Amino acid sequence: MKSLFALISGVIFGLGLIVSGMANPQKVIGFLDVFGDWDPSLALVMVGAIGVGIVVFTYAGKRAKTFLGDDLQITKQTVIDKKLVFGSLIFGVGWGVAGFCPGPGLVSLGMGYFEGFIFVIAMIAGMLIFQLIQKERR
Amino acid sequence: MHISWDVFTPWSSLFGGCLIGLACALLLLINGKIAGISGILSNVFFTRPQEHLWGGLFLVGLIGAPLIYSVFGDLPQSVMQTSSIGLVIAGLLVGVGTRIGGGCTSGHGVIGLSRLSMRSLVATITFMFGGFVTVYLMQHVFVQVLS
């Protein structure tokens with residue numbers, strides 16, 4: 001039952017990415033191209049998502065439980081370190097190269113774009129490389 | 001800075017953003033989970049077997065969303081911005097970077113900022129900066145060097 005809602009949440013998330021323009025790399029590059037012909041549309045995606053999000057997280061924080069009475073699994077990580085900055089920077093560069101972040105990459109795969117498929121496979125390979133390096137270090 | 005108003009889509013972008021917020025709300029208030037997509041993807045493929053069912057279904061929903069959309073209307077066209085090699089490089093960077101940094105546009109950018117997390121604010125500013133600089137270099141510097 002709960003899992004069904006995870007599926008529905010995924011669908012709504014994906015619809016949001018399509019409707020907002022986030023799934024179109026042209027919109028993303030247009031948004032990131034602040035020194036060229038800047039398309040500010042995607043700033044409004046953040047406004048909409050965070051606007052809803054702040055209300056929801058404030059409410060959820062007060063409840064501290066889901067509607068079904070389970071604990072909320074929210075990260076308690078607050079550390080700001082080199083890893084956070086270095087990783088985010090690498091991610092940002094990758095985002096700027098193709099105009100895909102993880103969600104829109106997956107949605108583009110679902111739209112039937114071969115480019116989305118290539119991106120997703122490479123992204124999973126990147127995650128695998130991270131896992132292997134992690135294991136090596138332990 | 002020059003704003004290209006002709007391609008500005010404030011209402012659909014705002015509405016799409018609200019849908020994304022709604023999806024995060026649903027996952028949080030029913031499943032108690034955070035809709036960080038890079039994290040879910042990594043957990044489903046590499047770690048945490050207990051997260052596979054809900055995470056896998058979330059990803060199926062995400063990938064299946066275009067199919068649902070196409071029932072109601074024509075899907076908007078995407079215009080790709082790079083070659084296959086560019087896509088491979090981008091995918092590798094996004095995969096490694098989101099794991100090192102512990103999140104992406106959804107986990108840090110939407111959820112982290114909604115939770116007023118300073119950690120996510122630093123991550124978001126950093127990946128936005130990385131994106132701005134990369135696009136500047138690719139659209140305005142290297143293009144001129146190459147042409």
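**Notebook: a two-chain predicted model**

I began with chain A, which reads α-α-β-α-α-α-α along its sequence. I counted six helices and one strand there, where helices (H or I, at least four residues) and strands (E, at least two) are DSSP runs numbered from the N terminus. I noted that this is a predicted model, in which local features need pLDDT of at least 70 and side-chain atom pairs count only at pLDDT 80 or more, while totals for chains, interfaces and linings use all residues. Residues are numbered from 1 along each chain as its sequence is written, chains are lettered from A and ligands numbered from 1 in the order in which they are written, and side-chain values use heavy atoms, with hydrogens and water left out.

**Entry 1: the two chains**

I looked up the extent of chain A: its C-alpha atoms fill a box of roughly 45 × 40 × 30 Å along the principal axes. Of its 138 residues, 55% count as buried; buried means under 20% relative accessible area, exposed over 50%, and partly exposed in between (1.4 Å probe, protein chains only). Chain A exposes about 6200 Å², with 68% supplied by carbon and sulfur atoms; these accessible areas come from the Shrake-Rupley method with a 1.4 Å probe, and for residues only the protein chains shown count as cover.

I then turned to chain B, where the elements run β-α-α-α-α-α-α from the N terminus on. Its C-alpha atoms fill a box of roughly 50 × 40 × 35 Å, taken along the principal axes. I found 50% of its 147 residues counted as buried. Chain B exposes about 6800 Å², and carbon and sulfur atoms supply 71% of that area.

**Entry 2: the interface**

**Entry 3: helix H2 of chain B**

I examined helix H2 (residues 37-46) of chain B and found eight of its 10 residues buried. Among them are Ile37(B), Gly39(B), Leu41(B) and Val44(B). Which helices do the buried residues of H2(B) pack against? In chain A they pack against H1 (2-20), H5 (102-110) and H6 (114-137), and in chain B against H3 (52-72), H4 (84-101) and H5 (105-114). Arg48(B) follows H2(B) and has a positive phi, near 45°.

**Entry 4: a nonpolar patch**

I located a nonpolar surface patch of about 640 Å², made by Phe35(A), Leu89(A), Phe129(B), Val133(B), Tyr136(B), Leu137(B) and Phe142(B). Patch residues have over 30% relative accessible area and no salt bridge; like charges are joined within 9 Å and nonpolar side chains (Val, Leu, Ile, Met, Phe, Trp, Tyr) within 5 Å. Helix H6 (residues 118-146) of chain B gives the largest share, five residues. Leu89(A) lies in helix H4 (residues 82-98) of chain A and is partly exposed, with a relative accessible area of 32%.

Key. Contact = heavy atoms within 4.5 Å. Salt bridge = Lys/Arg side-chain N within 4 Å of Asp/Glu carboxyl O.
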